[in-house]
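Subject: A structure for you to look at

Hi,

Here is the structure I promised to pass on. Please open it alongside this message, and my notes follow below.

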Amino acid sequence: MFARLSVTEGTANREAIVNQLATQVVPAVENHPGFRGLMASHDAANNLLYVLTNWESEADVQSSEALADSARQQAVSSLRAAVKEVTVWEQVDGIVRATPPAGAKLLVTRASMDPATLDANIGFFRDEMLPGITSAPGFCALRHLVQRSAGTSMIGTVWTDQSALEGALKMAGEGLQVGRARGIDFEAPAVRDVVYVSVPPTVM
């Protein structure tokens, strides 16, 4: 699986965001081969919108680029926003236990490491950290994304509410200590509100 992450800035109207995604963006991409879903999250403090689309293969990401760019430009024009960044990631782990409810929170942890250690660290996370995360109260979903050549990773976990998020933050703090001992550098964890999720019926 692969993912395209689009970051835009300049819109705080969540109702407008949801409407644009539901009526313009998803209809534009949902029938393209390889599309496997979309999730949008909002950082109100910095007025940033993050839209993650999932694809079956890297070839699907590449073949959908023109379509995605057109939908993105139409959306930012309607929302009076601006594209800040578009990146492509490989998804090495993806778990969905429940559809995020209203008020769900997204916890994102970005990391960098020696690219030569990436596979070993992916395996360590999968074997040693993942079971504890997925069994924690309020867990909904997880995606572990990487850019192999750069040695960067991004782990996003979705939690039902603020209470579940607080437990996840405590667990994340312990995980960062373990990761640093393995030579991994971390950015400060970021928290965002989940504002929209769309998954094709064939993926459910």
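Helix 3 contributes the most to the lining of the largest cavity, supplying 6 residues. Before I go further, please keep in mind that this is a predicted model. Strand 1 (2–9), helix 1 (14–29), strand 3 (48–55) and helix 3 (65–79) each provide at least two residues of that lining.

The cavity itself has a volume of about 240 Å³, and the structure holds 1 cavity of 30 Å³ or more. Its lining consists of 20 residues, and S6, L21, V25, V51 and R72 are the ones that lie nearest the centre. By type, the lining residues split into 14 nonpolar, 4 polar and 2 charged.

Now for helix 3 as an element. It is made up of 15 residues and spans 21 Å from its first C-alpha to its last, close to the 21 Å expected at 1.5 Å a residue. Which of its residues are buried? They are A68, A71, R72, A75, V76 and L79. These residues lie on the same side of helix 3, because they cover an arc of only 130° around the axis.

Towards the end of the helix you will find S78, which lies in helix 3. Is S78 buried, partly exposed or exposed? With a relative accessible area of 47%, S78 is partly exposed, because that value falls between the 20% and 50% cut-offs. The C-alpha atom of S78 is separated by 8.9 Å from that of A16, although the two residues are 62 residues apart along the chain. After helix 3 comes R80, which has a positive phi, near 55°.

At the other end, S64 sits in the loop between helix 2 (58–63) and helix 3. S64 counts as buried because its relative accessibility is 1%, under the 20% cut-off. Leaving aside residues up to four places away in sequence, S64 touches R4, H32 and W55.

Happy browsing, and do write back with any thoughts.

Best wishes

Note on methods:
Residues are numbered from 1 along each chain as its sequence is written. This is a predicted model: local features need pLDDT of at least 70, side-chain atom pairs count only at pLDDT 80 or more; totals for chains, interfaces and linings use all residues. Side-chain values use heavy atoms; hydrogens and water are left out. On a 1 Å grid over the protein atoms alone, a cavity is a set of points where a 1.4 Å probe fits but cannot get out, and a pocket is an open set with protein on both sides within 12 Å along at least five of seven lines; lining residues have an atom within 4 Å of a point. Grid points are joined across faces, edges and corners, and a volume is the space filled by probe spheres set on the points. Helices (H or I, at least four residues) and strands (E, at least two) are DSSP runs, numbered from the N terminus. Ala, Val, Leu, Ile, Met, Phe, Trp, Tyr, Cys and Pro count as nonpolar, Asp, Glu, Lys and Arg as charged, and the others, Gly among them, as polar. Buried means under 20% relative accessible area, exposed over 50%, partly exposed in between (1.4 Å probe, protein chains only). The expected span of a helix is 1.5 Å times one less than its number of residues. The arc is that of the directions from the helix axis to the C-beta atoms. Contact means heavy atoms within 4.5 Å.
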